[in-house]
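Morning, everyone. I have one model to show, and I'll keep it short. Here it is.

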Amino acid sequence: MPSSILLVNGPNLNTLGMREPHIYGHETLKEIEAKCKQAAKKLGMSLECFQSNCEGEIITKIQQAVKGYQGVIINPGAYTHTSVAIMDALLLIKSPIIEVHLSNIFQREAFRHESYVSKVAKGVICGFGSNGYLMALSAMAELVKKGK
Ligand code: DQA
């Protein structure tokens, strides 16, 4: 059985491709998800993709992911910088969590420098555009192999 990984994208990431392409690139979320699913398969994992603009829906999905997934990759969008509730939900997850941002949040406005999710994630990848998701999958494959 391949390891199951959950990819969660937060608010406004459904508008990738149209949204500030000079910051987030020209690919749509559908294209990125398709690329990630292919990459996951090559790494011997299966990937479920979830996106929501609603904090509560993201929290419910994370709660449901307590069982049945060997890892969670999450780009919480703007909730990164505000959501204690998403951080609390992630604390339930015993499998590795990797945080991804398309942009380098540390080069941007000061309010983007703080991440609640980083406090509970195994690691963070930011600033590499959509490649960051592929990097996260490859890091996740290593973590899953080591059982960490
Ligand atoms: C983002 C960075 C956040 O600050 C922003 O609110 C986003 C996208 C990124 O992927 O670079 O929605 O998470």
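How far does a backbone N or O atom of leucine 102 lie from an oxygen atom of the ligand? It lies 2.8 Å away. I call that a polar contact, meaning a pair of N or O atoms within 3.5 Å. Histidine 81 brings a polar side-chain atom to 2.7 Å from a ligand oxygen. Alanine 78 has a polar backbone atom 3.2 Å from a ligand oxygen. The protein covers 99% of the 320 Å² of accessible area that the ligand has on its own, by Shrake-Rupley with a 1.4 Å probe.

Ground rules. This is a predicted model, with local features needing pLDDT of at least 70, side-chain atom pairs counting only at pLDDT 80 or more, and totals for chains, interfaces and linings using all residues. Residues are numbered from 1 along each chain as its sequence is written, and side-chain values use heavy atoms, without hydrogens and water.

Now the fold. The protein chain has five helices and five strands, as DSSP runs (H or I, at least four residues; E, at least two). The order along the sequence is β-α-α-β-α-β-α-β-β-α. The radius of gyration, over C-alpha atoms, is 14 Å, close to the 15 Å from the globule rule for 148 residues, so the chain is as compact as a globular protein of that length. That rule is 2.2 Å times the number of residues to the power 0.38.

Definitions and conventions
A polar contact is a pair of N or O atoms within 3.5 Å; within protein, one must be able to donate a hydrogen and the other to accept it, and residues adjacent in sequence count only if both atoms are side-chain atoms.
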